[in-house]
Structure formats: structure tokens, C-alpha cells
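Let's walk through this one together, a piece at a time. Keep the viewer open and follow along.

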Amino acid sequence: MSDSIESQSHETRHFAPTAEFAAAALAKPEIYERAKSDRLGFWAEQAKHLHWHKPFTKTLDWSEAPVAKWFEDGELNVSYNCLDRHVIAGNGDRIAIHFEGEPGDSKSYTYAELTAEVKRAANVLTSLGIERGDRVAIYLPMIAEAVISMLAVARIGAVHSVIFGGFSADSLATRIQDAQAKLVITADGGYRKGKASALKPAVDEALKDNNCPTIENVLVVKRTGDEVVWTPKDIWWSDAMANAEAEHEAKAFPAENPLFILYTSGTTGKPKGILHTSGGYLTQAAYTHRNVFDLRPETDIYWCTADVGWITGHTYVAYGPLANGATQVIYEGTPDAPHPGRWWEVIEKYKVTLLYTAPTAIRSFMKLGREIPDKFDLSSLRVLGSVGEPINPEAWMWYREVIGGNRAPIVDTWWQTETGAIMISPLPGITDTKPGSAQVPLPGIVAKVVGEDGVELGNEQGGYLTIAEPWPSMLRGIWGDPERFKETYWERFDGQYFAGDGAKKDHDGDIWLLGRVDDVMNVSGHRLSTAEIESALVSHPWVAEAAVVGASDALTGQAVVAFVILRLDQVEAAGSDSDVSRVLRDHVAKEIGPIAKPRQIMVVAELPKTRSGKIMRRLLRDVAEDRPIGDVTTLADTTVMNIISGKIAAGAND
């Protein structure tokens, strides 16, 4: 990628932490220098926040690069670190989880109660023949049993593979087969958009005709009470828990003991099973959660809105917060059910202080207008987080003003399933935050923006984001495919991990993420970032959300095609679709340059999103290039693509 990328990352708005916040902040400015002067010593210091049954003496072994070994001669138990030690320290009465169901049912678990549940669940697993190293597939809605299951698997040294509840039976089977799982933990269903949504039928379909021969049992949580087909392998979770022994000793395992496999799917090829181990992963999960959110476990109420089926739910729901003894909210449903103010209602109810969510959700709230959040008391919020994709500056500002009341600093975080934990983010008591920029690598992380030759670029030059030094929570490989691991992440730039993202540093040296490199278009020889064009579109007052793809074009190689959702209160003012197209095309040309002007702009009511809220741009690319639409089974609403296809087929804009 060259420095010909057109950019609008000349952001001049800065928001310094208040003097009061900075004075009280957990992280102080000297943390950067401490990490830089002795990086490995710094990580060893972070690891010592955990309880080690056997202390480590070696911090990093990089002799078998690109496979790292962190704290390898130390031994610990991940579940013990998230549970028992807090009870032993006298914090057993502290709330660990406030569970809020979509229908409005709720239940809170103290650390003592959660520990007791996990001990029973660990005994259930052992009674079903699960041993250290065995794989357990978890296919559950966002309920407390999902976290309990993960911690129970970790407690006995087994390996969990959490599969998002929105995945199809085929996707489920593929992952079970690849991991050779022995057990599935599922539920009859969960609640979604006001109705029960079945889960067990997908498991039955995945396992039929001995399709997954390694599965010996299926544990079923009763959540909705809907009838399920029963098979000889099925066991009710409640029955197994009632019969389980109450006590369970957490034994120590080596720091490099595998903890979980989490599958990521690309646009082609079979899903990659990303492998994470225990000691290094938990070290960075706890360190980043503590410092990025300025966590006060005695007083903060934390809420990460991610599902545990994704890496964000692993690190910032199941592991980081509990390792730090935090109190958190877990919510089962969607942001708009049973009403569009549901999230704000939850924040008001539990007096949430730390909120971590995705730009997609923020933009969907923008579309509905500030009148909805303004009905609720959000004054408890003191830090806001963003995760999942680059956040455009206008959504960032809306988040700050409307949700944070211009008080709460925003930590815009960059990281991946593969990195295991946050890598680039402001620290809220130190960094002057900037709308739209993830800004700076965290202390202990060495990130670079490099050119085609792998050499670091200067400011204002677009390139590729790499990680130049190993980090504790890094993936240890792709399950069962070490060569794919090396080819995918390490071959492009010798000795550097390639994240697959484009990036640039602005005039201040702050990092801006430009999206996946396969989301960078080549229009008449100019490299254009889809993320930047989307930001330009959303900066217009009419637009709530935008998705941009590159479509093949005989003249220019690729052409820009945009799909936009208008803000509800602007539809009338915007006029016809042709008016919207003309105005917005000119707006993009003004913001970025004529070369970035979209060939087509489609006004749509919805964008194709997964149930976790991510826009599936590959489907939009299929439509824009007049190809058959690919697999839509993971979409929240599979009819969206039919509507969009019909609209684009009606003809291109002038």
C-alpha cells in the first residue's frame, strides 16, 4: 500500500482528560516509559497481578518463532484466578454478574455463588469423561451458563470452543469436527427480539447421521421451556448440576496449557481455529481491562455488550473482568427489544459506569435520534469504549455527547481474535482522545505502520499495520494447521505479525485504522479506504450509517459503490433517492476528493448484519458486481439482501 491513499484523518478535535480524572486515574504517564525501557520486565510485572500456583522464572521464549512461550515454567489455574482467589480474599459477597434477560428476568451472582456454580459444573464435566486437553463445544445464548461453562472447562484444563448462537447447523458441525470436540453444551433456546429462538435443533442437525462422531454427550440448559427433541446423548444441565458434588479443587496447569479455540471465518476457505493458551492470555486480558477502562472493582459496574461467541466476549466478559474482581452486566438480547431504549434502561437500572460496545450499535442509535437515550439517566457512565471496527468521527462525537454527556472519555480500541486482547487504545487518564483514531499502542506493545517492503513509514503515509514484537496474549497457532498460521500472519513481512489491516499515522503520529486491506480499493491507480469513504458519508447530517464496497469497473478497475441508511428525522428533508445520491456524491468529493466519489449510492432501510452487528460487506460486493449472493445464514435478517438486490437491479445512479 502506498502513500497515495486519500485520507481525511486530519482531525483537529482533541479532548484532554479532566484534571480530576487524570489525578485519580489508575495508569500514570510513566507507564509508557517503564514498558519501553524493560518490555519483558514490564510484562512479568503484569503477570504477577495473577495468582501463580507455581511462580514463573522465564518471561518469554521466542526461540521457536513465530510460536511464543510466555511464563512457560509457571503454573496457574485460569478459573481459580477468576473466582476462588476473590472469595479467599474476602470479596465473596461482591456481585460478579448481574444477568439481565431480554424478557426482563434477572439474576445476580456473587463471586461466592459463581464459584460454587463453576465448581459443580467442573464436576459435571469430569463425570462425563472430560479430561485435560479435551475439547468442549459451547453453543449457548448470552446467559450466565455460558460464562459458567467456559470457566468450568478452563478449571479442569480442558479446551473450550465457543460457537456463536447465530451460526447454522453446518457451521456448528464444521467447528465441532475440526476441534474433535467430545461434548456440546447448548440450550433449548434463548430470547431474541421478543420471542424464543431455538438452539438445540441446530445441534441435533449438526450431529445427525453420526456427522460428528467424537461427540459423546450434549448438555442442555433449559432457558425458554420450549419442547425439544430428546436423543440418547442428551442430558439436562439442571439435572446434572443437581447431582454434582459441591466441592472442586482447582489444580494448576502450565502457563502454555491450551485454554480455547475460537474460529474466525474469512470470505473463502474453511474457518481458522485460533488457539490461545492460559498464562499470557490471562495476563494481558486482565492488564488491558484494568488500565484501558480505569477499573475500580470495588465501585465500577462494567458492561461489555459483546456475545461470548466472539473474542470480545471471551476477553472482556468471561476472563478480564472476572480476573480483576469486577462487577459486570450480561444482557441476553438485542439493543431494540422489547423497545429501542432497552440498553439505556439497563444502564440506568444497574448504574453502569463503564460501557464497551461496537460502532455499528452506536450508529444504529444515531439513526433513531437522541430523544431515546435522553429519556434515561446515563450520568453514571464514566468511561466509554468502542470495539470491532474503526469508528467514524461523527459517531464518536455522538457517543461522547449524547451517551457520555461530554464527560466520559472514549477508548477506541483496536485488536483481533488473533491478538487476544487490546493492542492499540488511548489510556483514559493520560491520552488526549481524538474522534475516529485508535491512537497509540498500549504500553508493552510495539506496533508499526510499514510499507510494501516492511520498513516503517513516517506520518501521513498509508501502509500496513504490523506488530513488531511478541505479546503475551498472542495466538499460538491455527488449530491443526501450523503452516497456515505461518503463511497467514508471518510470511508477508519477515519477523513481523501482519494484522491484515491498513493503517496510517496522522500529523500527530496517532494511528488511524483504514479497514481490512481487502477493503481497500484501487480506483484508477488510487488506493482508497472503504472506512474513510464511509466516514465521509456519515459526516453528512442526513446519513446514519454507510457501507462502502469496491465493485469491478471496466474503466477504472474498481468503482466505489455505497449503501446508506438515512437518519429518521432527515428522510423528508433529503428528498428522493436521486437527490440523496447527487448530494452525497458531491459531499464525498468535497471531503476526500473527486476520485473517491461513489459511482452508485443506494438508499436502504437496513444493511446486512450478523447477529453480533457486523456488516457483511462481501454480500454487498456480490450485489454490486451482479454475482449470486453468498451464504446469508449468519445474518440477523436474511431478507435484507433480497431488498437490496432488487433496488440495485433497478439501475445505477447517474
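In this predicted model, start with a cluster of aromatic side chains: ring pairs link Trp 62, Trp 471, Phe 485, Tyr 489, Trp 490 and Tyr 497. Counted over the whole model, there are 30 aromatic pairs. Two of these are worth a look at the level of geometry. A pair of aromatic rings is described by the distance of the centres and the angle of the planes.

Take Phe 42 and Tyr 287. Their ring centres are 5.5 Å apart and the planes sit at 85°, and since anything over 60 degrees counts as edge-to-face, that is what this pair is. Phe 42 belongs to helix H3 (residues 39-47) and Tyr 287 to helix H11 (residues 279-292), so the contact ties together parts that are 245 residues apart in sequence. Buried or exposed? For Phe 42 the relative accessibility is 1%, so Phe 42 counts as buried. Tyr 287 comes out at 2%, so Tyr 287 counts as buried too.

Now compare Phe 56 and Phe 71, a tilted pair with 4.7 Å from centre to centre and 50° between the planes. Phe 56 sits in the loop between H3 and strand E1 (60-61), while Phe 71 is in the loop between strand E2 (69-70) and strand E3 (75-76), so this pair ties together parts that are 15 residues apart in sequence. Phe 56 has a relative accessible area of 11%, which makes it buried. Phe 71 is at 0% and counts as buried as well.

Lys 222 lies over the face of Trp 236, at 4.6 Å from the ring centre. Arg 492 does likewise with Tyr 464, at 4.4 Å from the ring centre.

Next, helix H9, which covers residues 200-207. Which of its residues are buried? They are Lys 200, Ala 202, Val 203, Ala 206 and Leu 207. Look down the axis of H9 and these buried residues fall within an arc of 155°, so they line one face of the helix. What does that set pack against? The partners are strand E6 (135-139), helix H8 (169-179), strand E8 (183-187), strand E10 (195-198), strand E11 (217-221) and strand E12 (234-236). After H9 comes Asp 209, with a positive phi near 55°.

On to helix H14 (residues 359-368), where you'll find Arg 363. With 4% relative accessibility, Arg 363 counts as buried, because the cut-off for that is under 20%. Leaving aside residues up to four places away in sequence, Arg 363 touches Glu 389, Pro 390, Asn 392, Ala 395, Ala 544 and Glu 545. H14 and helix H15 (residues 393-403) pack with their axes 10 Å apart, at an angle of about 75°. That makes H14 roughly perpendicular to H15.

Glu 394 turns up again among the contacts of Ser 539, which touches Glu 394, His 587 and Glu 591, not counting residues up to four places away in sequence. Ser 539 is in the loop between helix H17 (530-538) and strand E28 (543-553). Its relative accessibility is 23%, so Ser 539 counts as partly exposed.

Finally, the backbone. Most residues other than glycine have a negative phi, and most peptide bonds are trans. Where are the cis bonds to look at? One joins Ala 65 and Pro 66, with omega about 10°, and Pro 66 lies in the loop between E1 and E2. Another joins Ala 337 and Pro 338, with omega about 5°, and Pro 338 is in the loop between strand E17 (327-331) and helix H13 (342-350).

As for positive phi, Asp 294 has a value near 50°. Asp 294 is in the loop between H11 and strand E16 (301-304), and its relative accessible area of 3% makes it buried. Gln 439 has a positive phi too, near 80°. Gln 439 lies in the loop between strand E20 (410-412) and strand E21 (447-450), and at 1% relative accessibility Gln 439 counts as buried.

Conventions. Residues are numbered from 1 along each chain as its sequence is written. This is a predicted model: local features need pLDDT of at least 70, side-chain atom pairs count only at pLDDT 80 or more; totals for chains, interfaces and linings use all residues. Side-chain values use heavy atoms; hydrogens and water are left out. Buried means under 20% relative accessible area, exposed over 50%, partly exposed in between (1.4 Å probe, protein chains only). Helices (H or I, at least four residues) and strands (E, at least two) are DSSP runs, numbered from the N terminus. The arc is that of the directions from the helix axis to the C-beta atoms. Contact means heavy atoms within 4.5 Å. Rings of Phe, Tyr and Trp (its six-membered ring) pair if their centres lie within 6.5 Å; planes under 30 degrees apart count as stacked, over 60 as edge-to-face and the rest as tilted. A charge sits over a ring if NZ of Lys or CZ of Arg is within 6 Å of the ring centre and within 35 degrees of the ring normal. Axes are lines fitted to C-alpha atoms, for helices over the stretch in contact, and angles run from 0 to 180 degrees between N-to-C directions. Angles under 35 degrees count as roughly parallel, over 145 as roughly antiparallel, 65 to 115 as roughly perpendicular and the rest as oblique.
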